[in-house]
Amino acid sequence: MSTTLQGRASSPGVAVAGAFVIRRVEVDTEAAAAGTPEEEKQRADAALEQVEATLTELAESKREMLGDEADIFLAHADFAGDPEIADMVHDAIDEGSSAPTAVTAAFDSFRALLEKSGDEYLAGRATDIDDVRDQVLDVLAGRQDAPVPTEPSVVVAHELTPSQTARLPRELIAGVACAAGSPTSHAAILSRSLGIPAVMGVTGLLAHVEDGVTLALDGEAGTVVVAPDDDQRSAFEQRITEQEERRERLSALRDEPGATADGHRVELAANIGGLEDVEAADEHGAEGSGLVRTEFLFQESAEEPSIEEQAAFYRKVLAGLPGHRVVFRTMDVGADKPLPFVVRDPEENPALGVRGIRLGLLQLDLLVNQLRALLRSRDPDAEQGTLAVMFPLVSAPDEVRRAREAFAVAADAEGIDHSNIEVGVMIEVPAAALSARRLAPLVDFFSVGTNDLLQYLFAADRLLADVADLPDVCDPDVLRLLGTVVEAAHEHGAWVGVCGESAADPASAAAYVGLGIDELSMTPASVPQVKDALRRVELETLQAAVRTAQDAEDATTARKVLREALGG
Amino acid sequence: MPSQTVTLENETGLHARPARVFAKKAKEFDCDVSVAKTNGEADPVNAKSTLSVLTLDCHQGDEIEIITEGENADEALSTLVELVESGLGE
């Protein structure tokens, strides 16, 4: 008889494999010290040091695979090397504790302090502290090598720590199931970045699962079937085959251009926030970039980076995307993301204050220097992408004129002809969307920043859970507004892109293409699935769908219409 | 004992990575470094311990006091104040 356990869907995909159960070994904290206090201290110090070194090494070796997620191991290494932990351990040993008991007490006292704070972030660190504590205890107990599966398995645990997840050989993990945790647990995040199906928070998991029993795990429905019968098993295996076929189909599309089934071109570009995204863009077959964020270049340094320093970075981005258009957005900073070298009075309402191009026009040197660096990054002898420049948070035609003047000043200073470089503006302020007709003659392109545009249109902070559901880009009247923006642009020979997470959402992407938007720029990893979805549908179908969506009662109905147009 | 108060301007305060950045910088000095939340009830804690710094639960806008004692105490103090003012790497 099979049993189906319900958990929370945490990383997509399905898997059928034997269970590999990781159970925690309890430490006997009552045990007396094995050696003299001096010996126990040395044992404890050595174990702490070893764990610190192992975790530091783990962070470096996994950085390529995990990117910034690997920072978690540096944080853990830091906990193992914490001087207060060492002091507390020594004190406890002096009072007669064994090394394992002293280590447990030291980590647990910090755990209690952080949990007591009432701060959600700090309380969440309790799991991290437990993770590090257990690794130190493992070393003390001589459990050097954690057991690893010998064949592809579904890893089952009460809670899987990041270090456990990262240490398990990727090719042997078919899936991950945990009794505790949620889609935001580290193990879930790691599983997603490694492409491993995962279900977290499965009640009764460890009571039902023995080592080696077959599990069928569905990372989308959040279910774990223990000992599936033949029918269940073949249904899962069928889905695994489809999953693999889909993966192959997507990778076969890598070098194909973005287009609908009837050949209507839509450029599918990647949003770039750092050099790692440039690589990812190339890997996923993105056609250049519709948004290169440049602000982090400025936020990470105490003084304004020199023109040459900036140009060196821009050049690397251009070199990584040869043959495609690369749109650089001038720095989008403001009181919400202050720069160390720009001193301004604090603002009561940063979202409505000196942000984006407003700051650039007030501190013209900053803007001109950045534009000079962008111009300087072009190298006619090198194989590189085509530079385009975009100004953020524009709300009125006069700002565009002044930004273009700054561009001319920069070109003069560099002695470069800038007439063949495309210049565009972000459409993210409602006023800009409403005055698209007056902005269009001044630019070569618009790029709709859906995140900010929606936040301003609905007066709702998307990061505030209680109001986050209000804004929806598929709202019928938002779709109408976008339609007028596209019309205005095309009337003046300008093209229109969308950069924002919504470009990767199938229903929204369907609406954008139906409205005539020429380019969609999104997270690099989303490019293949959008490319695949578009290639299955004709332009006319999407045009009809978006017209129906514009007349819909609400965003939910509009979304349904758009999804149906995509064939489900 | 040199000491100075400074306001946390960076978004995450003394949490997450900024806490680590702060403790790491404190560790570079041989002198004792402690830190307290101004108006907080808790005693100053060892600034070289990320875990201790985290327990202060300092957020953006909170004022902290940095206290140094021993070799190069003045240099340690000004370096750490500057680090906090520059946003702790955020």
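This note goes through a predicted model of two chains, point by point.

1. Conventions. Residues are numbered from 1 along each chain as its sequence is written, and chains are lettered from A and ligands numbered from 1 in the order in which they are written. The model is predicted, so local features need pLDDT of at least 70 and side-chain atom pairs count only at pLDDT 80 or more, while totals for chains, interfaces and linings use all residues.

2. Confidence. The model scores ipTM 0.90 and pTM 0.60. Among the elements of chain B, the lowest mean pLDDT, 90, belongs to helix H1 (residues 16-27), and the highest, 94, to strand E3 (residues 45-46). Where pLDDT is low, predicted coordinates should not be read in detail.

3. Chain A in outline. Chain A holds 23 helices and 16 strands; helices (H or I, at least four residues) and strands (E, at least two) are DSSP runs, numbered from the N terminus. Of its 568 residues, 46% count as buried. A residue is buried if 20 or more other C-beta atoms lie within 10 Å of its own, exposed if 12 or fewer, and partly exposed in between, with C-beta atoms placed from the backbone. Contacts are pairs of residues whose C-beta atoms, placed from the backbone, lie within 7 Å. Among contacts in chain A between residues at least 6 apart in sequence, 67% join residues at least 24 apart.

4. The barrel of chain A. Here 8 strands close into a barrel with parallel pairing, in the order E9-E10-E11-E12-E13-E14-E15-E16. Two strands pair if DSSP finds at least two bridges between them. Axes are lines fitted to C-alpha atoms, for helices over the stretch in contact, and angles run from 0 to 180 degrees between N-to-C directions.

5. Strand E12 of chain A and its partners. Of the 6 residues of E12 (residues 386-391), 5 are buried, so the strand is largely enclosed by the rest of the structure. Strand E11 (residues 325-329) of chain A pairs with E12(A) in the parallel sense over 5 bridges, and A:Val326 stands opposite A:Leu387. E12(A) also pairs with E13(A), again in the parallel sense, over 4 bridges; there A:Ala388 stands opposite A:Glu422. Strand E13 (residues 422-427) of chain A is in turn joined by 4 bridges to the parallel strand E14 (residues 445-449), where A:Val425 faces A:Phe446.

6. Helices of chain A. Helix H21 (residues 527-534) lies across strands E9 (267-272) and E16 (519-522), running at about 165 degrees to E9(A). Elsewhere, helices H4 (residues 99-116) and H5 (residues 120-140) of chain A pack at an angle of about 175 degrees, with their axes 9 Å apart. That makes H4(A) roughly antiparallel to H5(A) (under 35 degrees counts as roughly parallel, over 145 as roughly antiparallel, 65 to 115 as roughly perpendicular and the rest as oblique). Their contact includes A:Phe107 and A:Phe110 of H4(A) and A:Ile129 and A:Val136 of H5(A). By class, the contact has 14 nonpolar, 1 polar and 5 charged residues. Ala, Val, Leu, Ile, Met, Phe, Trp, Tyr, Cys and Pro count as nonpolar, Asp, Glu, Lys and Arg as charged, and the others, Gly among them, as polar.

7. One residue, A:Val278. This residue lies in helix H10 (residues 275-283) of chain A. A:Val278 is buried, with 24 other C-beta atoms within 10 Å. A:Val278 and A:Val317 are 39 residues apart in sequence but 6.5 Å apart in space, C-alpha to C-alpha.

8. Chain B. This chain has 3 helices and 4 strands, which run β-α-β-β-α-β-α from the N terminus on. Of its 90 residues, 42% count as buried. The strands form an open sheet in the order E1-E4-E2-E3, with antiparallel pairing. E1 (3-7) and E3 of chain B stand at the edges with a single partner strand each, so one side of each is left without a neighbour in the sheet. Helix H3 (residues 73-85) of chain B lies across E1, E2 and E4 of chain B.

9. Where the chains meet. The contact takes 13 residues from chain B and 17 residues from chain A. On the side of chain B, helix H2 (residues 50-55) gives the most, with 5 residues.

Key
pLDDT is the predictor's confidence in each residue, from 0 to 100. Two residues are in contact if their C-beta atoms, placed from the backbone, lie within 7 Å.
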